Amino acid sequence: MGKIEEVEYIINNKKVTIRNGRVQDAEKLINLIKKVGKETDFLLKNPDEFNPTVKEEEKFIQSQIDSEVDLLIVAETDGEIIGICGLNGNMNKKIRHSAEFGLAIEQESCGMGIGKKLMKAGIQWGKENGISRITLKVDTNNYRAISLYLKLGFEIEGTLRNDKMLVDGSYISGYTMALLL
Ligand SMILES: CC(C)(COP(=O)(O)OP(=O)(O)OC[C@H]1O[C@@H](n2cnc3c(N)ncnc32)[C@H](O)[C@@H]1OP(=O)(O)O)[C@@H](O)C(=O)NCCC(=O)NCCS
């Protein structure tokens, strides 16, 4: 389980592959998440809080590959990983039908439809694997992400007031969103 079929697209004259994450991707995935963490405040961790070793990341990727309820997929171009998408599921029977999305695309590859393609692949996998509710959390000022999620059919279920505190001490509220499949 936890696998999609690899698909290739041509975007801006470049081949972009959407595929399952592999253990060999560990170092590139660490670098991508650190990079996106520096480019935006929208990820959960500050860049200095995300410091896994390559071995730890390899173990994490392997656990996602082995999992019945999780999915880890990436977007790759020219041998570089430019986007990552995770669906985090649950083993408990009462919430076995539910999974949470996480998504990050490097800045220079944003706005090209890669986020949408990754999410569509994740939603399709969810449909085929007994997921009937997909949730996510998004900052209320993350307009690009909110626009993408609404286009894919997600609805806002609630507001998480003062959900995050940024390094400057200011609060950011969040929305909790869900898509029923
Ligand atoms: C949010 C994010 C995942 C979106 O991925 P993306 O690849 O840039 O999005 P896409 O190009 O697939 O765009 C999909 C939709 O978003 C909207 N969109 C794209 N760029 C936009 C912009 N600059 N402003 C507002 N909406 C925008 C459009 O509605 C677009 O739909 P369309 O192609 O039908 O017009 C990506 O920007 C990202 O990783 N940002 C930083 C980290 C982050 O915010 N992660 C999500 C945390 S919840």
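## The largest nonpolar core

A nonpolar core is here a set of buried Ala, Val, Leu, Ile, Met, Phe, Trp, Tyr and Cys residues joined through side-chain atoms within 4.5 Å. In this predicted model, the largest such core holds 31 residues, and those that touch the most other members are Phe101, Leu118, Met119, Leu136, Tyr149 and Phe154. Two or more residues of this core come from each of strand S2 (14–20), strand S3 (71–77), strand S4 (80–88), strand S5 (98–105), helix H3 (114–128), strand S6 (133–139), helix H4 (143–151) and strand S8 (171–180). The largest share, six residues, is supplied by H3.

Another core, of ten residues, lies apart from the largest one, and its members include Ala26, Leu72, Ile84 and Ala104. In soluble globular proteins, nonpolar side chains tend to be buried together.

## Tyr149 and its contacts

When residues up to four places away in sequence are left out, Tyr149 touches Leu103, Met119, Leu136, Val138, Phe154 and Met177. Tyr149 has a relative accessible area of 9%, and it counts as buried because this value is under the 20% limit. Phe154 has a relative accessible area of 2%, so by that limit Phe154 is buried too.

## The aromatic cluster

The count of aromatic pairs in the model comes to two. In one of them, Phe101 and Phe154 form a tilted pair, with 6.2 Å from centre to centre and 50 degrees between the planes. This pair links distant parts of the chain, since Phe101 belongs to strand S5 while Phe154 sits in the loop between H4 and strand S7 (155–165), 53 residues apart. Phe101 and Phe154 are both buried.

Tyr149 and Phe154 also form a tilted pair, for which the distance is 6.1 Å centre to centre and the angle between the planes is 55 degrees. Phe101, Tyr149 and Phe154 form one aromatic cluster, and these three residues are also among those that touch the most other members of the largest nonpolar core.

## A charge over a ring

A further aromatic residue, Tyr9, has Lys117 lying over the face of its ring, at 4.8 Å from the ring centre.

## The second largest pocket

The second largest pocket contains about 180 Å³ of space. Its lining is made up of Ile11, Asn12, Lys14, Val16, Thr77, Glu80, Ile82, Glu106, Glu108, Ser109, Met112 and Ile114.

How values were computed:
Residues numbered from 1 in each chain as written. Predicted model: local features only at pLDDT ≥ 70, side-chain atom pairs only at ≥ 80, totals over all residues. Heavy atoms only, no water. Buried < 20%, exposed > 50% of the residue type's maximum accessible area, 1.4 Å probe, protein only. Helix = DSSP H or I, 4+ residues; strand = E, 2+ residues; numbered from the N terminus. Contact = heavy atoms within 4.5 Å. Phe/Tyr/Trp six-rings, centres within 6.5 Å; stacked < 30°, edge-to-face > 60°. Lys NZ or Arg CZ within 6 Å of the ring centre and 35° of its normal. 1 Å grid on protein atoms, 1.4 Å probe; cavity = no way out; pocket = protein on both sides within 12 Å on 5 of 7 lines; lining within 4 Å. Points joined across faces, edges and corners; volume = space filled by probe spheres on them.
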